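Let's take a friendly walk through a structure together. Keep the model open beside you as you read.

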Amino acid sequence: MPGVEAGQLARLATYPFVVISWVDDAGYPVSVATAFAVDQAAGTVSLTGPVGDAVAVPTDREVNVLGSHIRPTPGQGYDERRYLQLWGRAAAVVSGRIAFTPAQAWGWDEAEIPFFEYSERSVPQSRRYLAQLSEEQGRTVRPRLSLGWLLLRTTRLPFLSATLVPVLLGIAVAARHGDFNWWLALVTILGASFAHLGINVSNDIFDTLSGADEANVNPTQFSGGSRVLIYDLLTLRQLVALDLGLFGGAAAIGLYLVWATASQTLLLIGVAGIVLGIAYTAPPVKLVYRGLGEIAVAIGFGPIMVLGAYAVQTGSLSWEASVASLPVAILVALILYVNEIPDRVGDAAAGKRTLPVRLSADVVTGIYLVLALAAFVAVGAGVAGGLLPIPALIALAAIPLVFRVYRGIRQNYGRPYALMASMGVNINLHLYVGGLLLVGYLIAIIVAAFT
Amino acid sequence: MGWLPDPVERLLEIALVGELTVVRSDGRPITHPLIPLYDGERILMHSSTLFSRKLEHIKRDPHVSVSLSDPIALNGMYGRATIQGTARVIEDDPHAQWERLILDLWRKKEPVIDAFLKMRVALPLFFERAVIEITPERCLFWADGDTGHAPEVMVAPRAVVA
């Protein structure tokens, strides 16, 4: 049996004590804490105990030596979790000490493999266990979530801000032009939301089928998909049914809006949106697999949403709505772009050639800064060109967030969980810029009403 | 009521981490740090299905031992104990059964569990859990925590083991 690496013994030496375990003659494990010393040169561990006939360490079978550090922090849980297990033989007691020669090692240190990644790597074990349990019990035993949490997780509902911002902006631009129908506005929001959630779900289906989500062992709150299929919270059939329902709802509402507005422009925009949504992850086009996901998302959640919402209210298109869509288009694409950074290893394994897969860290962060600032240049240029109302400049107040995200992704590029804070701020950047543009439009509408 | 001596029961009631040793399929022991709970008679530990190898080991060979050894996890108490016993895995409904069986004990020992449970949606498989119910049969106790001398050895009354 091969010995353990010197590094493992060096690690063991960092623990304050060890627990030695063996299986006694009656078949019960015995485990006893003891002081110890490591002799790295000899590849052995010298144990000072245990002492007494009741805990005599056997020399005719393998024993286990555990170094464990799990710091309980009452009221907060545990941290600094790490442990190292060694298996090998104990030799006869010499000078009151037991010599242990390890032959095999296994352990975990959350400083090297964060708990969430450790958990993710253990998902296949959970599935195996539950499959075996189902067989033993003669019924299917699956993990569950309450319906509300399951829907939130499956559809990735919190990302709906990416739809609400452009749709409300399109409605606001139309309102500034004197066109506002609240019923059609509500139906537009509903239809666009169905479409967005449908795209999220289909993205999950294709990413799971392609293996991209399974290869990703660093999912975060913002990336790595819903994982409802990987966790077996839903079956593929259930997920496809949900997706068809969402797309069906979006299509029905879209057709109603086309009928209600009699706008062929809206029909064209709707068809373009559906084609783009399907082509995003569905084969054979799979835009996101070719490094074109950001452009598809920019067009879909920028001009298509803004102009679509505008067209519902007015029946036509406008340059102002197009220009207003640019900052939100850029910033929504950057949400995807940053969220792809922690996914890049899994994406690469699944052949998903996103920009963070193709480009170096420096180039990715550089592009982020340029594009994020370009969103604000678009606002300034739109106002300077007389297309956007002057109060829209209020959106420039969000510029500091760009630098917070930029610094965060530069510092934590290779650390998925540390990157989460920057991903959150980046999502807020899109939300705040969109919200501030809406405030700008509201001010412009109110000022126009009183002058 | 249980037969474990009072000082060992106190250790069980305080310990935020204990070491559960089980027997692997190859006959070798493996030890897992876990939070031990105690209902006055049996030791209750639990495991997520994510880290369920130990459950598979127990189902194949129910002989286990629990070691209470870390003074930090024992809030500074310096006694040490090893409890040998037989374990049973309770796993009829990994989603909810553990909550009914041990949540109150867990909450009493570590109230932060409620905050973690609110985040169940973030890590759903972590909260699919089985309970490991251990009937103590033999106890080794070092009152001063020094395992460099022989322990007190106590054995369960015959009725408990039966």
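**A first look at chain B**

Chain B contains five helices and eight strands; helices (H or I, at least four residues) and strands (E, at least two) are DSSP runs, numbered from the N terminus. This is a predicted model, in which local features need pLDDT of at least 70 and side-chain atom pairs count only at pLDDT 80 or more, while totals for chains, interfaces and linings use all residues. Residues are numbered from 1 along each chain as its sequence is written, and chains are lettered from A and ligands numbered from 1 in the order in which they are written.

- Starting at the N terminus, the elements of chain B follow the order α-β-β-β-β-α-β-β-α-α-β-β-α.
- Along the principal axes, the C-alpha atoms of chain B fill a box of roughly 50 × 35 × 30 Å.
- Of the 162 residues in chain B, 47% are buried (20 or more other C-beta atoms within 10 Å of the residue's own, with C-beta atoms placed from the backbone).

**Chain A: a pair of helices**

- Helix α14 (residues 399–411) of chain A and helix α15 (residues 420–449) of chain A have axes that come within 9 Å and cross at roughly 155°; axes are lines fitted to C-alpha atoms, for helices over the stretch in contact, and angles run from 0 to 180 degrees between N-to-C directions.
- That crossing makes α14(A) roughly antiparallel to α15(A) (an angle over 145 degrees).
- Residues of α14(A), including L401(A) and V405(A), meet residues of α15(A), among them V425(A) and L429(A); contact requires C-beta atoms, placed from the backbone, within 7 Å.

Key. Buried ≥ 20, exposed ≤ 12 C-beta atoms within 10 Å, placed from the backbone. Parallel < 35°, antiparallel > 145°, perpendicular 65-115°, else oblique. Contact = placed C-beta atoms within 7 Å.
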